[in-house]
Amino acid sequence: MESYDAVLAFFEKAEEPANAGAVAEATGIDKKEVNKVMTKLKKEEKIVSPKRCYWEIKK
């Protein structure tokens, strides 16, 4: 659950939408793992996409 918490924290603090590559770089988590976590966050409707391939925390 560490990766999940780290990715969620990244989105909560992010000032603008980010893609998986930016999240991976900022958190130090492997991009494949970031994609898995982001998929889970999307299903839970915690992140939304304001534009293609970029995500932000749901407000």
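This is a predicted model: local features need pLDDT of at least 70, side-chain atom pairs count only at pLDDT 80 or more; totals for chains, interfaces and linings use all residues.
Local features need pLDDT of at least 70, side-chain atom pairs count only at pLDDT 80 or more, and totals for chains, interfaces and linings use all residues. Residues are numbered from 1 along each chain as its sequence is written, and side-chain values use heavy atoms, with hydrogens and water left out.

Let's start with the helices, which are DSSP runs (H or I, at least four residues) numbered from the N terminus. Helix H1 (residues 2-13) packs against helix H3 (residues 31-43) at an angle of about 70°, and their axes are 10 Å apart. Axes here are lines fitted to C-alpha atoms over the stretch in contact, with angles running from 0 to 180 degrees between N-to-C directions. H1 and H3 are therefore roughly perpendicular (65 to 115 degrees).

In contact terms (heavy atoms within 4.5 Å), H1 brings Ser 3, Tyr 4, Val 7, Leu 8 and Phe 11 to meet Glu 33, Val 34, Val 37, Met 38, Lys 40 and Leu 41 of H3.

| Charged end | Ring | Distance to ring centre |
|---|---|---|
| Lys 40 | Tyr 4 | 5.3 Å |
| Lys 51 | Tyr 54 | 4.8 Å |

Key
Helices (H or I, at least four residues) and strands (E, at least two) are DSSP runs, numbered from the N terminus. Angles under 35 degrees count as roughly parallel, over 145 as roughly antiparallel, 65 to 115 as roughly perpendicular and the rest as oblique. A charge sits over a ring if NZ of Lys or CZ of Arg is within 6 Å of the ring centre and within 35 degrees of the ring normal.
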